[in-house]
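Here is a short briefing for a first look. Keep the sequence and the 3D view side by side as you read.

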Amino acid sequence: MDFQVVVLAGGFSKSLVPLVSKDVPKALLPVANRPVLSYVLEHFEENNLKDFIVVVEGESAALLVGGWISNAYVDRLHVEVAAVPEDVGTAGALRAIDRHLTAKDILVVSGDLISDIPPGAVAAAHRRHDAAVTAMLCSTPISGPSESGSSGGKDKAKKPARHNIIGLDPTKQFLLHVAAGAEVEKDIRVQKSILRAVGQMEIRADLMDAHMYAFKRTVLQEVLNKKETFLSLRRDVLPYLVRSQLRSELSQNGAVAEENGNSKGVSDSTIMLSQLLTNASTQSFHELYALGPDGSALSPRKTHKCCVHIASKSNYCVRLNSIQAFSDINRDVIGDASHLSGYSFSPQNNIIHPTAELGSKTTVGPHCMLGEGSQMGDKCSVKKSVIGRHCRIGSNVKVVNSVIMDHVTIGDGCSIQGSVVCSNVQLQERVVLRDCQVGAGYVVSSGSEHKGESLAKKEKQ
Amino acid sequence: MVAKKGGSKGMGAAEDAEEELARTPLQAIILADSFTTKFRPITLERPKVLLPLVNAPMIDYTLAWLESAGVEEVFVFCCAHSKQVIDYLDKSNWFGQPNFSVTTIESHNAISAGDALRLIYEQHVIRGDFILVSGDTVSNMSLSQALKEHKERRRKDSNAVMTMVIKQSKASPVTRQSRLGTEELFMVIDPETKQLLYYEDRGDNLKGYLSLDKALLTDNTSISLQNDKQDCYIDICSPEVLSLFTDNFDYQHLRRDFVKGLLVDDIMGYKIYTHEIHSSYAARIDNYRSYHTISKDIIQRWTYPLVPDVQFFGNSATKLERQGMYRAPDIKQSRSSKIGPFTVIGSGTSIGNNTEISNSVVGECCSIGSNVTIEGCYIWHNVTIEDGCKLKHSIVCDGVTMKSGAALEPGVVLSFKVVIGRNFLVPAYSKVSLHQQPIRQDSDEELEYADNSSGITESPSVSGTLDLLNEEERTELPDSQAYEVGDGGVGFIWLVSEAGQEEEWRHSVAPIPVDKLVAIMQISNDEADLPNEDGAFLPPSGELGPDSITNDSNEDAEDIRDDSVIFEREVEATFQRAVEEDVTDDHVILEVNSLRLSYNMASADCAGALFSSVMKLALDAPHDSPNELYKNVVSTVRKWKKLLKYYLPSIDEEIEVILKFEEMCLESAREYSPLFVQILHHLYDQDIIQEEAILDWASEKEGAEESDKVFVKQSEKFIQWLKEASEEEDED
């Protein structure tokens with residue numbers, strides 16, 4: 001397909017402390033006992049995209065991620081892992097790997113995206129219109145990862161601060177306006193020039209930028225080089241491209257000429273093809289605008305197209321970018337969106353690894369997962385939770401709506417609700433956790449009760 | 001509420017609304033006055049609704065449409081020239097129709113649609129939902145669907161008071177006006193319910209963006225922002241609309257006040273909906289350009305059955321021939337004359353040899369000589385055009401005579417009975433009338449008029465000024481006392497009003513000249529080339545992080561600063577003008593006071609601003625040495641002493657002046673810094689600043705930083721002297 005896939009895997013995201021630690025970068029956080037990054041990679045692999053550049057922030061994280069990838073996907077995928085300095089932003093990350101980009105179009109995807117939307121649809125929309133950029137949008141999920149959190153409440157429902165405001169043309173193919181909700185202070189400011197050219201703009205607040213973009217490589221490189229202050233794809237590059245689509249500052253023609261020079265025979269046919277494709281559909285407002293008001297402007301105005309692919313409501317698409325999202329995604333992947341997990345479920349609608357041991361009168365409800373080699377004592381109850389590998393769980397333990405990672409020891413009589421317990425944590429007897437996060441290696445002393453806390457060891461630097 | 005009051009037959013509550021509606025005959029209000037001056041000078045003599053549109057008065061189109069759409073009762077509101085309207089309706093038998101009652105409501109003091117509706121409300125004649133149109137509407141739409149939707153909405157939500165009819169029509173990308181010559185319209189409509197959420201028909205073109213309230217998106221996840229619609233000015237209203245106008249006695253304009261008022265007001269929760277028509281025609285004649293466009297539409301039969309060869313009312317029979325030609329049967333036409341496409345010739349008209357007429361409408365009983373060229377003109381009744389005249393894209397009213405060889409450039413309007421002299425060339429866009437141009441617009445029009453003048457800012461064209469300046473010169477040349485239209489001509493050429501200047505070509509019947517289009521295009525391209533046209537307003541979003549909310553307080557502070565800077569500038573400008581035009585002190589004081597009120601400044605600010613203006617004036621006067629500068633200051637201060645003194649009623653203001661002076665010395669006018677003490681002393685001598693003020697200032701400054709005390713130190717001796725002097729006084 002001549003698409004290169006760049007996966008922005010992040011580093012040690014601060015917003016996910018204490019779930020991430022220096023041993024577990026964000027990309028390796030387990031979702032249903034698989035690193036989150038594997039969902040992206042395998043999803044693309046299913047769609048026959050096998051060339052990846054995984055960009056990781058920070059050397060040590062890159063080593064960890066690289067190590068895992070070479071173990072898991074050796075022979076299957078062609079993955080390059082590139083380390084970039086921390087805090088360079090998504091645009092900075094792409095700038096850093098500039099010279100690795102060679103394909104005609106680049107698919108940029110966030111490494112924390114859990115989705116079943118075929119990337120091919122994005123690529124097709126991108127190619128169909130010969131767009132400079134194509135963004136994937138999805139309806140704000142019903143489960144609302146970032147919204148439905150306990151911090152939600154009523155005032156949040158009142159003003160959708162987190163929402164993106166997205167302007168689309170009537171055919172819902174082109175992106176005309178984009179602003180993140182938080183940036184819109186009082187007014188939505190819509191450029192009249194674009195509105196005039198299109199005539200009608202649908203402004204929606206119920207769409208989420210899914211952080212999957214297809215860029216034309218030349219465009220992406222040009223923008224990154226020209227605009228050195230741009231840090232973020234979502235907040236800088238995309239709005240810039242959308243804003244300037246009718247008075248493009250991109251030297252597309254130059255790029256075409258360059259490509260012509262490189263391979264004349266091939267490019268002729270591609271031009272023919274693209275002409276055929278554009279002629280096939282009625283002219284978009286871009287072409288009409290470029291032609292000028294009489295259809296014969298003295299010098300055609302330069303435009304570029306910003307397209308969208310809007311995923312249907314039935315698609316699952318969530319980013320793992322908060323602790324709340326982490327819990328939600330884990331629950332969804334073994335629950336409502338179980339087709340994503342790649343596991344086969346038992347008739348009881350749960351997954352219990354054959355090597356896991358359950359004590360007597362222990363029940364594991366539907367939408368649960370019990371990892372390899374984990375042991376549970378008697379009279380335990382597990383509901384809507386994921387339990388990792390090699391955990392040792394005592395008797396009379398209740399685990400509800402929680403994620404328990406690997407090698408966790410849980411003493412008798414513990415009760416865990418709505419919490420995340422990282423690897424190698426030890427919960428002594430009769431610990432009660434509600435809506436807590438426990439960082440890796442932490443020891444919770446017996447009998448203690450915690451509610452809504454974040455427990456972690458002090459990082460030894 | 002009105003329904004109950006109006007329904008004298010004891011109508012029930014809202015539950016019975018449906019029944020009530022079924023019983024009430026469908027009513028309509030026609031506003032037979034547009035409350036604008038766009039058709040002047042013609043409308044000085046005849047009301048707009050009686051102007052012929054393809055040889056039939058406009059109001060006939062409106063009435064014929066309403067009748068065919070099933071309206072049973074029409075109230076025609078007449079204001080300007082009401083007698084003419086009533087006479088016409090009487091004469092044309094509209095009053096005696098079965099199942100279609102036409103009633104006139106006369107008023108002589110209504111100055112706006114708002115007044116008209118308030119008056120109609122008082123008459124208690126409207127009993128149910130009604131159609132509100134103006135008497136210049138041409139349409140063939142069926143009202144049933146729109147009415148049904150309106151009533152259904154009403155049943156569910158009694159707050160849905162109005163349904164506006166809209167139609168697809170894209171404004172020209174160049175001139176940003178619709179083909180009807182109206183400004184481009186921005187609307188926000190809820191795609192599901194079709195509720196109107198935002199309406200802006202006079203947007204500020206200088207801004208590259210449109211600001212929508214974020215709150216629009218809190219209630220609806222999806223809104224549709226539309227720029228390709230045209231407002232047909234056909235409204236289906238509930239009786240509440242009338243009472244709303246009465247409640248809000250300041251509502252004047254239907255759109256600007258009423259619609260916007262309802263959209264902004266979220267307390268009462270009244271809602272306006274839209275109904276889009278697709279295949280039928282609806283448009284309103286708002287200006288000369290729409291007159292032209294709608295005439296063409298009628299000739300090209302978009303308005304069927306309201307076309308010249310179908311008799312509806314008031315139009316005489318014509319026969320449709322090929323190429324869109326309509327000819328009355330009894331015309332006298334020379335064999336050698338050529339009548340081009342899309343032309344209407346009224347009955348009783350005679351056309352001479354070798355005359356060419358194309359794309360024009362010629363009224364009844366006109367006599368057109370030989371070798372005349374008429375292109376794109378609207379010639380009304382009883383017009384005499386002698387041999388060899390040339391007419392292009394003009395409107396020629398009843399009874400006009402054009403002597404031989406006269407010519408009209410595009411965009412000319414000849415009002416009733418004007419005579420154009422031999423071989424006289426009427427310049428483009430001029431308006432000729434037997435009436436002199438009113439010097440002052442009478443109060444009726446002022447309201448609209450003020451609005452019009454604000455319209456210039458909307459025009460993106462600056463380049464047009466040059467052409468128009470020439471034009472103005474041309475029109476100004478003749479003495480306005482005598483007739484200005486050539487040998488044997490009768491009529492005054494109206495001066496193009498300042499405001500209208502740039503608008504003329506936009507709204508005239510003539511096509512927009514190519515050079516103008518090119519100029520606008522150039523400008524819009526230039527605008528587009530400005531890299532940061534919107535960039536300034538839409539900063540790279542990264543800069544506006546979520547934390548930007550915390551900046552609010554800073555912004556407020558900046559606002560205040562900005563205000564004071566602007567205020568100072570304004571005062572300075574006022575003062576400058578006073579100097580240049582020799583305005584008396586009293587007037588300056590008056591103006592500064594009004595500025596002070598509008599910017600909400602303290603009197604100390606006025607003093608400071610005035611003082612700095614005075615000092616700047618002195619600085620601007622030529623000088624070579626500090627000594628000369630000082631002399632300048634002395635003379636200027638002497639001249640404006642009274643003014644300065646006026647704003648220095650107390651010590652506080654005086655201190656402010658000293659502080660201001662200090663600031664000037666440090667920043668804007670460093671030349672003064674060596675003269676600080678000298679000038680201060682002078683001000684003291686002149687009693688402008690009292691010694692208490694100086695001493696207070698000095699003591700106030702004592703605690704300040706060293707850098708701030710430069711001038712205090714400079715004036716140490718002076719202060720010392722002042723202190724001693726006062727001590728001496730005490731001793732005395």
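The points below go from confidence to cores, then to single helices, strands and residues.

This is a predicted model. Chain B holds 23 helices and 36 strands. The largest nonpolar core has 290 residues, and residues of chain A and chain B are among those with the most contacts inside it.

**Confidence in chain A**

- The mean pLDDT of chain A is 78. In this chain, 81% of the residues reach 70 or more.
- Residues 142-161 of chain A stay under 50 in pLDDT. The model gives this stretch 24 contacts beyond four places in sequence.
- Residues 253-281 of chain A also have a pLDDT below 50. Beyond near neighbours in sequence, this stretch has six contacts in the model.
- Where pLDDT is low, the predicted coordinates should not be read in detail.

**Chain B as a whole**

- Chain B has 732 residues, and 45% of them count as buried.
- Take the contacts in chain B between residues at least 6 apart in sequence: 61% of these join residues at least 24 apart.

**Nonpolar cores**

- In the largest core, of 290 residues, those with the most contacts include Val54(A), Val65(A), Val133(A), Leu137(A) and Leu175(A). Phe77(B) and Val396(B) belong to this group too.
- Which residues does Leu175(A) touch, not counting residues up to four places away in sequence? They are Ala135(A), Ile166(A), Leu168(A), Val242(A), Cys306(A), Cys307(A) and Val308(A).

**Helix α18 of chain B**

- α18(B) covers residues 626-646, which is 21 residues. From its first C-alpha to its last it reaches 28 Å, close to the 30 Å expected at 1.5 Å a residue.
- The helix bends by about 65° at Trp640(B).
- The buried residues in α18(B) are Leu629(B), Val633(B), Val637(B), Trp640(B), Leu643(B) and Leu644(B).
- What covers these buried residues includes α16 (585-599), α17 (603-620) and α20 (676-685) of chain B.

**Helix α1 of chain A**

- α1(A) runs over residues 36-46. Its buried residues include Val36(A), Leu37(A), Tyr39(A) and Val40(A). Leu41(A), His43(A) and Phe44(A) are buried as well.
- Asn48(A) follows α1(A) and has a positive phi, near 70°.

**A parallel sheet in chain A**

- Six strands of chain A form an open sheet with parallel pairing. Their order is β17-β20-β23-β26-β29-β32.
- The edge strands are β17 (363-364) and β32 (449-451) of chain A, and each pairs on one side only.
- Within the sheet, three bridges join β23 (residues 398-400) to β26 (residues 415-417) of chain A. Val400(A) has Gln417(A) as its bridge partner in β26(A).

- Lys305(A) sits in the loop between α11 (285-291) and β14 (306-310) of chain A. Is Lys305(A) buried or exposed? It counts as buried because it has 23 C-beta neighbours inside 10 Å.
- Lys305(A) and Val242(A) are 63 residues apart along the chain, and their C-alpha atoms are separated by 8.0 Å.
- Asp652(B) lies in helix α19 (residues 651-666) of chain B. Asp652(B) has 15 C-beta neighbours inside 10 Å, so it counts as partly exposed.
- Asp652(B) and Trp697(B) are 45 residues apart in sequence. Their C-alpha atoms are 9.6 Å apart in space.

Conventions. Residues numbered from 1 in each chain as written. Chains lettered and ligands numbered in written order. Predicted model: local features only at pLDDT ≥ 70, side-chain atom pairs only at ≥ 80, totals over all residues. Helix = DSSP H or I, 4+ residues; strand = E, 2+ residues; numbered from the N terminus. Expected span 1.5 Å × (residues − 1). Bend = angle between axes of the 7 residues up to and from the residue. Buried ≥ 20, exposed ≤ 12 C-beta atoms within 10 Å, placed from the backbone. Contact = placed C-beta atoms within 7 Å. Core = buried A, V, L, I, M, F, W, Y, C linked by C-beta atoms within 7 Å. pLDDT = per-residue confidence, 0-100. Pairing = 2+ DSSP bridges.
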